[in-house]
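Please keep it in view while reading.

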Amino acid sequence: MSSAADLTAKFKSAIATPEVPMLGPQPRPGTLAETELLLRLESFFEANHTPESARPLLRSAALLWHDHFDASHTLSQDIETHDGSWLHGIMHRREPDYGNAKYWFRRVGQHPAFPKLAGRTGRKTWDAFAFIDECEAAEQGNDAGTIAALRQIQAAEFDVLVKHLFAAHL
């Protein structure tokens, strides 16, 4: 059986894009059409014997990575777990609906993967609310350097969450 790290790497390869997602809803080149992405995911799930319990979460994550906000939202809003709320919060942060994102991150609470995310991003702790505020300020200020740095942090957030999903469902 593959480890969570191995499955995360395979998953990221299956849904790879030329660049990481924007902080907001802006389109970017290299994303897949929803139908193509879902077919790719089904192939990944079958090839890697992904448990049924993980599939809706991973679908929501992949759809969000490829900027399919409505489809990701439909899935994440029906997943009443801390992981589903985290995905739902990211979606609203990118939408952008910062107040609603904070609502969903309140539902997340202190997620067990937050310490890993803090370490990965060089922070002492992970404060999802502070990150939402940073994203909002950067988008409003249109500060390209800050936006680029926050996009990399957002990509790290995605990696940590996906690895957590695989670990939790193995």
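## Basis of the report

This is a predicted model, in which local features need pLDDT of at least 70 and side-chain atom pairs count only at pLDDT 80 or more, while totals for chains, interfaces and linings use all residues. Residues are numbered from 1 along each chain as its sequence is written, and side-chain values use heavy atoms, with hydrogens and water left out.

## Helix α3

Helix α3 spans residues 55-65; helices are DSSP runs of H or I with at least four residues, numbered from the N terminus. Of its 11 residues, 10 are buried, where buried means under 20% relative accessible area, exposed over 50% and partly exposed in between, for a 1.4 Å probe and protein chains only. Among the buried residues are R55, L57, L58 and W65.

The buried residues of α3 pack against α1, α2, α4, α5 and α9, a contact being heavy atoms within 4.5 Å. Just after α3, D67 has a positive phi of about 65°.

## The pair α6 and α8

Two packed helices are described by the angle between their axes and the distance between the axes. For α6 (residues 98-108) and α8 (residues 128-141), the angle is about 165° and the axes are 10 Å apart. Axes are lines fitted to C-alpha atoms, for helices over the stretch in contact, and angles run from 0 to 180 degrees between N-to-C directions. The two helices are therefore roughly antiparallel, a term for angles over 145 degrees.

The contact includes Y98, A101 and F105 of α6 and F129, I132 and E136 of α8. The residues of this contact divide into seven nonpolar, no polar and five charged. Here Ala, Val, Leu, Ile, Met, Phe, Trp, Tyr, Cys and Pro count as nonpolar, Asp, Glu, Lys and Arg as charged, and the others, Gly among them, as polar.

## Salt bridges

The whole structure contains 12 salt bridges, each a side-chain nitrogen of Lys or Arg within 4 Å of a carboxyl oxygen of Asp or Glu. In one of these, K12 and D159 meet at 3.1 Å, N to O. K12 lies in helix α1 and D159 in helix α9, so the pair ties together parts that are 147 residues apart in sequence. K12, R120 and D159 are linked in a network of salt bridges.

D67 forms a salt bridge with R28, with the closest N and O atoms 3.1 Å apart. Both D67 and R28 are buried.

Terms used. Parallel < 35°, antiparallel > 145°, perpendicular 65-115°, else oblique.
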